Amino acid sequence: MSEKVISPDLGFVKDVIRSGGESLKKCYQCATCTVVCNVTPEDNPFPRKEMIQAQWGLKDELFGNPDIWLCHQCSDCSAYCPRGANPGEVLGAVRKMSIEKHSKPAFLARMVGDSRWLVPLIAVPVALFLMFLSMIGNLPFSNIPRIDGAISFRSMMPLVPFVDGTFILAFNFALIVLAVGVLSYWKDLSRNATPQGSLVGAIISTVLEILVHRKFDQCDVASGRKIAHMLVFFGFIGLAVTTSLSFLYEWGLHRHLAHLFVDGEAVMIVTPEAMKAGEWEGVSAVPMSDPLKWIGNASALALAVGVVLLLINRVATAAKAGIGGYYDWLFLAVVTTVGATGILSQFTRMADMAGLAYSMYFLHLVSIFFLFAYAPYSKMAHMVYRTTAMVFANMSGRK
Ligand code: SF4
Ligand code: SF4
């Protein structure tokens, strides 16, 4: 009979504890958590086995295990754990460390997960956008020219090259880091199991499952999270559609779309001619009658309501399920800031409150940068890694 030698990695155990799994060592392996978890498969269920893997520092087993992502942090197990070991939070800590392992460079991942680095991380986009404003003479804000007497964010910070240039770079950087991370994670997963069947079929069934948030119906303690999570999720998708639409408007399709939707009203963003001539000014805001505004405002509202509901749910279930760590709260704070500053920018601009409107728009740009550029290292990345784990689980028959 062959024997497997287990070498505990004590450094890893300390890292789990530092990352939010403080109660890890309280676990005495009673398996109540596994019994109460409504989403775990019957075969080789979680989270008891992950608790012992984490206690023993078996990082390869944990990082190559799709189960850490199949758990959707409903916290039922934490609520029923007789030892207060908080298995839901421990799995959250392991997921955070999994993101740190796969998202390169690792030091950036560690910085995003550590509150001591928050100010330097915010300082990057603040310095960048202040530099742009200073380059075009828009500091202080009172220098910013008005367009036809109205506040214009386009003349405050021209989309081309500053806003578009920055966000295209940030977005592509995030995309590349996430793609490399997913490939590395898939390799880890494939060490423990062999995926079979159709990748396309697994992706389709995973996406359908995510769209209806089926798993959320199965948990007890935090069942109220489903609506909130759906609002945040679809709010995000709506804002992504809004951003893509505004990009299309700006890069040439705006005339066609403007005629199509607003009966010929000129929706001038930046025309190719103006770009060639280097004229960034002379541009007006998209009118409220445009579908871009409808989708954008509806999505921002969904996001805002979703975040408030998530906050209420988190506080209401804190005694049973834990209040969450810095990592969770940072994500909620960034999403809230993006939504709130977006809405406030629009309303303060319409109310002609120039100083406030420019400040809100500045914060909006800073928070969007934070959201996108640091996405591969933040809780945002869980969308990608969880989806990957679900696809892998579908393909390897782990339902
Ligand atoms: S985490 Fe809690 S419920 Fe789960 S095995 Fe350990 S002590 Fe039992
Ligand atoms: S947090 Fe919820 S889904 Fe995750 S292991 Fe615990 S009970 Fe299961």
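Me: In this predicted model, which side chain meets Glu-100 in a salt bridge?

Reply: Side chains of opposite charge can pair when their charged atoms come close. Here the partner of Glu-100 is Lys-96, at 3.3 Å from N to O. Both residues belong to helix α7 (residues 87-102) and sit 4 residues apart, about one turn of the helix.

Me: Is Glu-100 buried or exposed, and how does Lys-96 compare with the cut-off?

Reply: Buried means under 20% relative accessible area. Glu-100 has 17%, so Glu-100 is buried. Lys-96 has 8% and is therefore buried.

Me: Which salt bridge links distant parts of the chain?

Reply: Lys-379 pairs with Asp-328, with 3.0 Å between the closest N and O atoms. Lys-379 is in the loop between α18 and α19 (382-395), while Asp-328 is in helix α17, 51 residues apart. Lys-379 counts as buried at 16% relative accessibility, and Asp-328 is buried at 9%.

Me: Which residues are joined into one network by salt bridges that share partners?

Reply: The network consists of Lys-49, Glu-50 and Asp-67. Within it, the closest N and O atoms of Asp-67 and Lys-49 are 2.6 Å apart. Asp-67 is in helix α5 (residues 67-70) and Lys-49 in helix α3 (residues 48-55), so this pair ties together parts 18 residues apart in sequence. Asp-67 and Lys-49 are buried. The whole structure has 10 salt bridges.

Me: How many residues does the largest nonpolar core have?

Reply: That core has 46 residues, and Leu-371 is one of those with the most contacts inside it. The largest share, 11 residues, comes from α18. Beyond its neighbours within four places in sequence, Leu-371 is in contact with residues including Phe-236, Phe-331 and Met-380.

Technical notes: Residues are numbered from 1 along each chain as its sequence is written. Chains are lettered from A and ligands numbered from 1 in the order in which they are written. This is a predicted model: local features need pLDDT of at least 70, side-chain atom pairs count only at pLDDT 80 or more; totals for chains, interfaces and linings use all residues. Side-chain values use heavy atoms; hydrogens and water are left out. A nonpolar core is a set of buried Ala, Val, Leu, Ile, Met, Phe, Trp, Tyr and Cys residues joined through side-chain atoms within 4.5 Å. Buried means under 20% relative accessible area, exposed over 50%, partly exposed in between (1.4 Å probe, protein chains only). Helices (H or I, at least four residues) and strands (E, at least two) are DSSP runs, numbered from the N terminus. Contact means heavy atoms within 4.5 Å. A salt bridge is a side-chain nitrogen of Lys or Arg within 4 Å of a carboxyl oxygen of Asp or Glu.
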